[in-house]
Amino acid sequence: MPITKATIADITELTTLVNSAYRGHSSQAGWTTEAHLLDGIRIDEETMRGYLLSDGITILKYCNSEEKIIACVYLEPKSNKRLYLGMLSVSPTLQAGGIGRQLLHEAEIWCHKLNCEVIFMTVITTRTELIDWYKRRGYVDTGKREPFHDGTRFGVPKAHIELMVLEKEV
């Protein structure tokens with residue numbers, strides 16, 4: 001199976017993948033780019049290392065036949081049997097081929113393994129094509145909105161950004 005749990009040895013490859021999927025010129029080869037909304041990188045190696053060393057966080061990786069990481073997703077159990085899903089990333093040149101859908105399905109399996117009942121995420125409200133993609137997979141808009149992260153850790157907004165909370169009972 002090409003989807004497994006990432007390890008500390010995957011830091012550099014994961015960081016490169018996530019940044020290529022969301023920011024910079026390379027991200028524009030896919031449809032998940034945020035380069036028009038944010039400057040800077042999506043994640044640095046220090047943050048990725050912290051995620052991988054955390055007992056409560058799982059990053060699933062999807063590898064191709066050459067064992068190169070071509071997609072990943074971040075999962076973190078929260079209170080009230082809820083699982084936070086973030087950083088769903090697919091290599092820009094491989095997007096729209098079903099890999100993201102497979103990772104999302106695997107996240108739902110992990111949700112059950114972790115005794116969670118709901119998966120939730122935040123998506124930039126202006127990313128209507130991405131929101132629609134999640135809605136087609138059963139996620140619903142909760143009506144909740146959150147401000148974009150303070151500081152520059154996740155990028156520098158080019159304009160005001162608000163996050164929509166989506167969720168799905170599994």
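Predicted model: local features only at pLDDT ≥ 70, side-chain atom pairs only at ≥ 80, totals over all residues.

Me: Why is Lys 168 called buried?

Reply: Buried means under 20% relative accessible area. Lys 168 has a relative accessibility of 18%, and therefore counts as buried. Its place is in strand E9, residues 162-169.

Me: What makes the pair Lys 168 and Glu 108 a salt bridge?

Reply: The criterion is a side-chain nitrogen of Lys or Arg within 4 Å of a carboxyl oxygen of Asp or Glu. Between Lys 168 and Glu 108 the N to O distance is 2.9 Å, and the side chains meet in a salt bridge. Lys 168 lies in strand E9 and Glu 108 in helix H4 (residues 99-113), so the pair ties together parts that are 60 residues apart in sequence. Glu 108 is also buried, because its relative accessible area is 16% and the limit is under 20%. In general, side chains of opposite charge can pair when their charged atoms come close.

Me: How do you know that the side chains of Lys 168 and Glu 108 also form a polar contact?

Reply: A polar contact requires a pair of N or O atoms within 3.5 Å. The contact joining the side chains of Lys 168 and Glu 108 is 2.9 Å.

Me: Which residues are in contact with Lys 168, leaving aside its neighbours within four places in sequence?

Reply: With those neighbours set aside, Lys 168 is in contact with Glu 108, Glu 117, Val 118, Ile 119, Arg 137, Gly 138 and Tyr 139.

Me: What makes Arg 82 and Glu 167 a salt bridge?

Reply: The closest N and O atoms of Arg 82 and Glu 167 are 2.9 Å apart, and the criterion is within 4 Å. The pair links distant parts of the chain, with Arg 82 in strand E5 (residues 82-90) and Glu 167 in strand E9, 85 residues apart.

Me: Why is Glu 167 called partly exposed?

Reply: Buried means under 20%, exposed over 50%, and partly exposed in between. Glu 167 has a relative accessible area of 21%, and is therefore partly exposed.

Me: What makes up the lining of the largest pocket?

Reply: The largest pocket has a volume of about 830 Å³. A lining residue has an atom within 4 Å of a pocket point, and 42 residues line this pocket. Tyr 22, Arg 42, Gly 86, Met 87 and Thr 122 lie nearest its centre. E5 gives the most to the lining, with seven residues. By class, the lining has 23 nonpolar, nine polar and 10 charged residues.

Me: Why is His 149 called partly exposed?

Reply: The relative accessible area of His 149 is 37%; partly exposed lies between the limits for buried, under 20%, and exposed, over 50%. His 149 is therefore partly exposed. Its place is in the loop between strand E7 (140-147) and strand E8 (156-157).

Methods. Residues numbered from 1 in each chain as written. Heavy atoms only, no water. Helix = DSSP H or I, 4+ residues; strand = E, 2+ residues; numbered from the N terminus. Buried < 20%, exposed > 50% of the residue type's maximum accessible area, 1.4 Å probe, protein only. Polar contact = N/O pair within 3.5 Å; in protein donor to acceptor, adjacent residues only side chain to side chain. Contact = heavy atoms within 4.5 Å. 1 Å grid on protein atoms, 1.4 Å probe; cavity = no way out; pocket = protein on both sides within 12 Å on 5 of 7 lines; lining within 4 Å. Points joined across faces, edges and corners; volume = space filled by probe spheres on them. Nonpolar A, V, L, I, M, F, W, Y, C, P; charged D, E, K, R; others polar.
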